Amino acid sequence: MKILTLLSLLATHLSASSVNIEENAGQFFSSGHTNNWAVLVCTSRFWFNYRHVANTLSVYRSVKRLGIPDSHIVLMLADDMACNHRNPKPATVFSHKNMELNVYGDDVEVDYRGYEVTVENFLRVLTGRLPPSTPRSKRLLSDDRSNILIYLTGHGGNGFLKFQDSEEISNVELADAFEQMWQKRRYNELLFIIDTCQGASMYERFYSPNLMALASSQVGEDSLSHQPDLAIGVHLMDRYTFYLLEFLEDIHPSSKANMNDLFKVCPKSQCVSTPGHRTDLFLRDPGSALITDFFGSVRKVEITMETINLTEPIQQVEQNFVNEERQKETYSYVDQLPVSEIIHQKPKQKDWHPPDGFILGLWTLILLVFFKTYGMKHLKHIF
Amino acid sequence: MGLLSDPNRRRALISLLTRLNAPICVVCYMAGVAWFMGLAFEPFTLRTYMSENAMGSTMVEERFPAGERALGTGREFSAHKKKAGGMPVDWLVKTMQSRGLEVFTQRFSRRLPFPDEDKERYMVKGTNVYGILRAPRAPRTEALVLSAPCSPGDDNNQAVGVLLGLAQYFRNQVFWAKDIIFLVNEHDLIGMQAWLEGYHHTNTTGMDWSPLQGRGGSIQAALSLELSSDVVTSLDLVLEGLNGQLPNLDLANLFYAFCQKIGVLCTTQGKLQRNDWDSVSGYSHAVQTMMLMVMKQASGRPWGDHGLFLRYHIEAATIKGINSFRQYKTDATTIGRLLEGMYRKLNNLLERLHQSYFFYLMPSLSHFVSIGYYMPAFGLLALILLLRVSFQPRLLTTYLLTDGVPGVLSVLTPLVISHLTGVALYTLPIHFQEIAVEHFPVSETEAVVLTAIAVYTAGLALPHNTHRLLTGRGTENGWKVLKLVAVLYLAVLLGCTALINFSLGFILALTLVPVAAFVTPDVPKALSAFIMVILSPACTLLFSVFLFQELQEMPVSFLDGWMLYLSVISQGILDHALYGSLVYPLVALLVYPCWLLFWNILFWK
């Protein structure tokens, strides 16, 4: 009797643990992505916008620490703070006052620098419409199994973000760019973080699936900067990014913290502005999305005990040197502009309108009939 | 039937204006004066604020340590100055070079049109010494200037000492994005004019100077320092420059922000700020400060060495250290720190200061009135002139038709003769000073001034003589046409002056507009002649001198005031000859003839 109860207990325990293993295994593959990308953009230039560059570089450091390699990070910095003439500590960008943490260094790879950070380049990176001569480091080579983190910081307003004091990107443009990415299957899930004034207005117009967005302030609020450094003479960080980074310091590659924890970062008491987030377009429950799904590059490893037979190695093509000359391919440079297409462009099909003269004649006819019927004395009421 | 307006309404409006012309004019005048006085009332002013994003807040750490050493350098400078009997050029060059600057000198010389009795100089020869601190990493495209004058006697030694101390401290920093030029100029304004002309390759005043060997980039901002004591109780900011031009308000805001941060007492026009704006004495204090600024701006002379920079679109101000009897004293280290903070903030500039106002009045250092608020005061006065013009519709055409050529001549003659008198007032005093000195026992300066007054008074006798030139007597309507022309002329003149130098335009309008509005040949002659002379530009200047001394709490007796008045006239003429100030030519060639036209109308027969 006792042996029977023991055996039944053992059986239930085994079944329960196997269910656990299945759950864990299920959870293992729940996110559906296989690689991670990050696009980090600082949109403002000039020395007094030091803090935006420090923001972006700090997020870059965190993302690298959690595993995303430089080849999968597109870093756009609009100005060079480290080598600015006004920097009392050249070749450094500090993110904590009293110069505790230098986020610049020789392992920082900036992909778009200076005047290359424009709205056009940003949209081209997102949508992938780059000229063929663009190097790989400047491309977002994501596929339909990529999770992308997009971080923007700079000066913004209600519905726009200012790029480098000369142009703006509107929230409609951004939403359309994400839709293009969705239709071209360039992402699996996308996390959008923006730290500017009135940042929530930038994600209002999103309409593509699998987008999650966070912003540092609501419409009508300003995002505030965190701490000035008196020796350097500028503000070093913005509040939201500062507390975001404090939160990320506790995340390691195997951490199980999920998005709900991220939404709690920087409450109003710390940030003064009210951070906002948007999850209605995200198909999974945010509680099941891990922080490392976007910020890190956690490799999924499947351990198996089975042996797998590899197919035959690739056979070498036989080369006939004897009688034929090998066909040589001619190589040429790719055209910068599709000149042949421009020259021989067919006129575009417009909608058909009746010819202009016809409309004029029609109205003249109507007027003549009118005056014939009712008499010329009405003419002076017109003129 | 009119298309755009109702003729009946128009006629009603015109008849209203014609009937009530005098009362409306009086009301406008009162309103203009009341508006002007109301500008100093604190609820009508705005608090000053930094407009330039690049300069941001006062968020820098000032670490200048060497105030005492700077004072020691100042004492050395004083000793060498006494030994050299002027500017100790070699010592200055050696000291600046030892501090790591690139040092250059510039010689200049100038013969004044007549001796300057205030500063006791006639043939001026001097040397400017300046050292350039090159920015460590930046291209040499922009520069900042810090200058201290080399004054005779014991003045401004500490200023040069602080300048050299700051030069040494600045040389050790790596964050300068602009070149900093440390300039010690001799003979204050004359030396500064020579340096600026040499720097910008212009020669507008006919001075003789040697070309500059070394140059920085284009100058973004300049500060001039005047410090004559080891400790100060307050720092005074002087803004008014040549021809009443003012630097960008952001420079004053920067100074005020640092004064508040460091805790130094700061003043403008030498008057402290008060918090009780709702009491009578508080309000009158603000009015006095504003009136001082108005009078200084109207005089058109540069009130500090910075005044000459403004013409080249370089924002500049003078900081004066004042040592009065107060308990809390500020030492040289603190002054050095304040200047260091200001220069670090100016270093962050990316473009010239342009975000804040260029035209403003300051009833105190923390409040200002911008051009949009103070211009209606002048507008109300100019409105009076336009109302008087509208009083005489269709006059000119009927006059020309009925009276013909002799009529035109009788109007043209006073115009030409008045302007010739103006030209005489402009040219004769300087040209005839030798003849005057031969015949009268006076010095050259006195000769010039007294000739000017003589020509001015001789103009008063003109109407009795002009009519002898004309064949017949002046026609009945001739004076009306002359008055129309004169009123329009005055309106245009005052309008243009007020745009460039509001204070000058307003003060002239205050006295000339009543004259223009109410003078006719029919008013009682003796009384109105007396009133016209009282309201003429020369008497306005006399009253202004007395008022200015009153406002500065240094009232003078009548005799002293008269001597001061004569020196003001001579300084005005000298300013025009030396720096290109426009007040003297404006008054002599344009305002005085205009006033003479009205004098002619008064005595029209």
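1. A nonpolar surface patch of about 500 Å² is formed by Phe358(A), Ile359(A), Leu362(A), Trp363(A) and Ile366(A), where a patch joins nonpolar side chains (Val, Leu, Ile, Met, Phe, Trp, Tyr) within 5 Å, or like charges within 9 Å, among residues with over 30% relative accessible area and no salt bridge. A salt bridge here is a side-chain nitrogen of Lys or Arg within 4 Å of a carboxyl oxygen of Asp or Glu, and accessible areas come from the Shrake-Rupley method with a 1.4 Å probe, with only the protein chains shown counting as cover for residues.

2. This is a predicted model, in which local features need pLDDT of at least 70 and side-chain atom pairs count only at pLDDT 80 or more, while totals for chains, interfaces and linings use all residues. Residues are numbered from 1 along each chain as its sequence is written, chains are lettered from A and ligands numbered from 1 in the order in which they are written, and side-chain values use heavy atoms, with hydrogens and water left out.

3. Trp363(A), one of the patch residues, sits in helix α10 (residues 356-374) of chain A; helices (H or I, at least four residues) and strands (E, at least two) are DSSP runs numbered from the N terminus. With a relative accessible area of 53%, Trp363(A) is exposed, given that buried means under 20%, exposed over 50%, and partly exposed in between (1.4 Å probe, protein chains only).

4. An unreviewed UniProt entry lists His155(A) and Cys197(A) under "active site". Although they span 43 residues in sequence, no two of their C-alpha atoms are more than 6.4 Å apart, so they gather at one spot. Such UniProt positions are given in the numbering used here, with shortened feature names, and annotations may be inferred rather than shown by experiment.

5. His155(A) belongs to strand β5 (residues 155-157) and is partly exposed at 24% relative accessibility. The side chains of His155(A) and Asn49(A) are joined by a polar contact of 2.8 Å, meaning a pair of N or O atoms within 3.5 Å; within protein, one must be able to donate a hydrogen and the other to accept it, and residues adjacent in sequence count only if both atoms are side-chain atoms.

6. Cys197(A) lies in the loop between β8 (189-195) and β9 (211-215) of chain A and is buried, with a relative accessible area of 18%. Beyond its neighbours within four places in sequence, Cys197(A) is in contact (heavy atoms within 4.5 Å) with residues including Gly156(A), Gly157(A) and Ser217(A).
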